[in-house]
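The following questions and answers work through a single protein chain. Please keep the sequence and the coordinates at hand while reading.

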Amino acid sequence: MEARGATKTITKQPALEEPAREVLGQRKRPEKGQFLLQVDRQIKTSYVTYEAAEEAGLVIKKGHPIVQVAVYDTVGGVNKII
């Protein structure tokens, strides 16, 4: 039986231009706007105005009429189902 040759280790150099990504979990969410778009009670994105959130919700609702789509106002604490 022959002896194995030397193995080569290849290391990948990190990209210098790519910024470090922040890990987002259940405790940390990227909330930027006052109005949150919820699909089946899961937050998908946030909007600054109610009209923008409602428009995006209507697009989802027209494409998928079975799912529950709602807009939640974080300041007022009001949840409006579309």
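A residue counts as buried under 20% relative accessible area, as exposed over 50%, and as partly exposed in between. The model discussed here is predicted.

Q: Is Lys-80 buried, exposed or partly exposed?
A: The relative accessibility of Lys-80 is 41%. A residue is buried under 20% and exposed over 50%, with partly exposed in between, so the class that Lys-80 receives is partly exposed.

Q: In what order do the four strands form the open sheet?
A: The edge strands are β2 and β4, each of which pairs on one side only. Five bridges join β1 to β2 (residues 42-47), and β1 also pairs with β3 (residues 69-73) over five bridges. The pairing in the open sheet is antiparallel, and the order of its strands is β2-β1-β3-β4.

Q: What is the average twist from one strand to the next?
A: The four strands form an open sheet with antiparallel pairing. Going from one strand to the next, the twist averages 25 degrees.

Q: Which residue of β3 is the bridge partner of Val-39?
A: Strand β1 has antiparallel bridges to both β2 and β3. On the β2 side, Val-39 has Gln-42 as its bridge partner. On the β3 side, where Leu-36 is partnered by Tyr-72, the bridge partner of Val-39 is Val-69.

Q: How many residues of strand β1 are buried?
A: Phe-35, Leu-37 and Val-39 point one way from β1, whereas Leu-36 and Gln-38 point the other way, and the residues of both groups are buried. Strand β1 (residues 35-39) is accordingly described as mostly covered, and the number of its residues that are buried is five of five.

Q: Is the aromatic pair stacked, edge-to-face or tilted?
A: The structure holds one aromatic pair. The rings of Phe-35 and Tyr-50 have centres 5.8 Å apart and planes at 70 degrees, and because planes over 60 degrees apart count as edge-to-face, the geometry of this pair is edge-to-face.

Q: Which elements hold Phe-35 and Tyr-50?
A: Both Phe-35 and Tyr-50 are buried. The pair links distant parts of the chain, 15 residues apart, with Phe-35 in strand β1 and Tyr-50 in helix α1.

Q: At about what angle to β1 does α1 run?
A: Helix α1 lies across β1, β2, β3 and β4.

Q: How far apart in space are Ile-66 and Asp-40, C-alpha to C-alpha?
A: Ile-66 has its place in the loop between α1 and β3, and at a relative accessible area of 85% Ile-66 is exposed. Asp-40 lies in the turn of the hairpin formed by β1 and β2, which have two residues between them, and Asp-40 has a positive phi of about 50 degrees. Ile-66 and Asp-40 are 26 residues apart in sequence, and their C-alpha to C-alpha separation in space is 9.6 Å.

Notes:
Residues are numbered from 1 along each chain as its sequence is written. This is a predicted model: local features need pLDDT of at least 70, side-chain atom pairs count only at pLDDT 80 or more; totals for chains, interfaces and linings use all residues. Side-chain values use heavy atoms; hydrogens and water are left out. Buried means under 20% relative accessible area, exposed over 50%, partly exposed in between (1.4 Å probe, protein chains only). Two strands pair if DSSP finds at least two bridges between them. Rings of Phe, Tyr and Trp (its six-membered ring) pair if their centres lie within 6.5 Å; planes under 30 degrees apart count as stacked, over 60 as edge-to-face and the rest as tilted. Axes are lines fitted to C-alpha atoms, for helices over the stretch in contact, and angles run from 0 to 180 degrees between N-to-C directions. Contact means heavy atoms within 4.5 Å.
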